[in-house]
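Here is a briefing on one protein model. Have the sequence and the 3D view open while reading.

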Amino acid sequence: METPGSQSSLHRANLERVVRAVRLAGSLTQAEIARTTGLSAATVSNIVRELKDGGTVEVTPTSAGGRRARSVSLSGDAGIVIGVDFGHTHLRVAVGNLAHQVLAEESEPLDVDASAAQGFDRAEQLVSRLIAVTGVDRAKIAGIGLGVPGPIDVESGTLGSTSILPGWTGTKPAEELKDRLDVPVYVDNDANLGALGELVWGSGRGVKDLAYIKVASGVGAGLVISGRIYRGPGGTAGEIGHITLDESGPVCRCGNRGCLETFTAARYVLPLLQSSHGTELTMERVVALAREGDPGCRRVIADVGRHIGSGVANLCNLLNPSRVVLGGDLAEAGELVLGPIRESVGRYAIPSAARQLSVLPGALGGRAEVLGALALALSEMGDSTLLDGSAPVAAPAFT
């Protein structure tokens, strides 16, 4: 038994620090590991050698700053994680390894009126199919990240009220999927997972503080503070869609008037164009028409951008993020929407906060949430099992 404070326990702690740093980043040079963990270069070198000899990490030649270096990543067969993303009209699943490589990914339509049981039946089938396609051993599954379009109660894991999948309210998604697949499941809302996806793989790389804004059937924000998702004590942080813009405005689904959502979400925006463009219009089509020069669609996209910018200005004044990433179909509009967002931020945000902010489109498109689900599973799994070479041990489903 290791005694706290002993050389063996200190060595074990250092091993876990290095493994965790590599696991969260995907790959790091030894110099980057030293900076991240605070360990000396000599200690890192010895630990990496030990982990490589034990088959936990792989080391490959690379370059950093024009100099030769060695890139350290977890072994490709050390384990796998699975991401599951439920959206308004889709189910997307991805399988990845601990070196941050996506091994397989697939998406299929999902009926918005389907029950939670039907949705999880589909998810179970799709997960099983992708595992068979990749040929990985089910015993290697270290965890599953699960994304749902609604607020999750942090303590109970219960899905709160959602108008996107109305039949799911009150369910416990992580518990349901864990019972079916018998592996640890970590659940979060889609905006938070979009933020994680962009932070690890997309437009948020290299920053520690950002907001991911997703505009679709609703409006939400995933907030990253000091490199970690901020959920709030009840799990509802980031409900930017319910910032009040006009107390005399349209009644929102939350019961208040003039929320940001009532000026930007598809359900409120599309009717503005139906008389001139028909009733079959989608937000994706509006963006495409705007890019082609349609004046009505351009005006609507610009107005939406200015309203989003007002909400972003509030975030800047409160949290002072260094980057805002716009996700969802709206991001495809590029500068047609980003320009008006920046204009509103410049008008309403504290000047110093506005100067420090960059506003970018998401780099991952519709994959942001499922990749974020992979990142969630990677961040929540423990490191001790990787060092012990034993099967993954269940961890708390809600953090």
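Helix 11 holds both R299 and D303, which sit 4 residues apart, about one turn of the helix. Their side chains meet in a salt bridge, 3.0 Å from N to O. The model is predicted. The points below start with charged pairs, then turn to cores, sheets and surface.

- R306 and D303 are 3 residues apart in helix 11, so about one helical turn separates them.
- R299 is exposed, because its relative accessibility of 53% is over the 50% cut-off.
- D303 has a relative accessible area of 24% and is partly exposed.
- R306 is also partly exposed, at 28% relative accessibility.

**Salt bridges elsewhere**

- The whole structure contains 17 salt bridges.
- One of the 17 salt bridges joins R122 to E108, with the closest N and O atoms 2.7 Å apart.
- This pair links distant parts of the chain: R122 belongs to helix 4 (residues 116-134) and E108 to strand 6 (residues 102-109), 14 residues apart.
- R122 is partly exposed at 28% relative accessibility.
- E108 is buried, because its relative accessible area of 16% falls under the 20% cut-off.
- Through shared partners, salt bridges join E106, E108, R122 and R129 into one network.

**I308, a buried residue of helix 11**

- I308 also has its place in helix 11, which spans residues 295-319.
- Its relative accessible area is 1%, so I308 is buried.
- Which residues does I308 touch, not counting those up to four places away in sequence? They are I213, V215, L260, T264, L330 and I341.
- V215 is 93 residues from I308 along the chain, yet their C-alpha atoms are separated by 9.1 Å.

**Nonpolar cores**

- In soluble globular proteins, nonpolar side chains tend to be buried together.
- The largest nonpolar core in this model has 46 residues.
- I33, L51 and V81 have the most contacts inside this core.
- Helix 14 (residues 368-380) supplies the largest share of the core, 9 residues.
- A second, separate core has 42 residues, including M283, V287, V312 and V337.
- L51 is in contact with L15, V18, V19, T56, V57 and L387, leaving aside neighbours within four places in sequence.

**N14 in helix 1**

- N14 lies in helix 1, residues 7-25.
- Is N14 buried or exposed? N14 is buried, with a relative accessible area of 11%.
- Its contacts are L39, T43 and I47, leaving aside neighbours within four places in sequence.

- Strand 8 (residues 185-189) is mostly covered, with 5 of its 5 residues buried.
- V185, V187 and N189 point one way from strand 8, while Y186 and D188 point the other way.
- Residues on both faces of strand 8 are buried.
- Strand 7 (residues 141-148) pairs with strand 8 in the parallel sense, over 5 bridges.
- G147 has D188 of strand 8 as its bridge partner.

- An open sheet of 5 strands runs in the order 11-10-9-12-13, with mixed pairing.
- Strand 11 and strand 13 (358-361) stand at the edges; each has a single partner strand, so one side of each lacks a neighbour in the sheet.
- Strand 9 (residues 210-215) and strand 12 (residues 323-327) pair in the parallel sense over 5 bridges.
- Y212 stands opposite V325 of strand 12.

**A nonpolar surface patch**

- I225, Y230, L318 and L319 make a nonpolar surface patch of about 390 Å².
- Y230 lies in the loop between strand 11 (228-229) and helix 7 (261-264).
- Y230 counts as partly exposed, at 40% relative accessibility.

Terms used: Residues are numbered from 1 along each chain as its sequence is written. This is a predicted model: local features need pLDDT of at least 70, side-chain atom pairs count only at pLDDT 80 or more; totals for chains, interfaces and linings use all residues. Side-chain values use heavy atoms; hydrogens and water are left out. Helices (H or I, at least four residues) and strands (E, at least two) are DSSP runs, numbered from the N terminus. Buried means under 20% relative accessible area, exposed over 50%, partly exposed in between (1.4 Å probe, protein chains only). Contact means heavy atoms within 4.5 Å. Patches are made of residues with over 30% relative accessible area and no salt bridge: like charges are joined within 9 Å, nonpolar side chains (Val, Leu, Ile, Met, Phe, Trp, Tyr) within 5 Å. Accessible areas come from the Shrake-Rupley method with a 1.4 Å probe; for residues, only the protein chains shown count as cover. A salt bridge is a side-chain nitrogen of Lys or Arg within 4 Å of a carboxyl oxygen of Asp or Glu. A nonpolar core is a set of buried Ala, Val, Leu, Ile, Met, Phe, Trp, Tyr and Cys residues joined through side-chain atoms within 4.5 Å. Two strands pair if DSSP finds at least two bridges between them.
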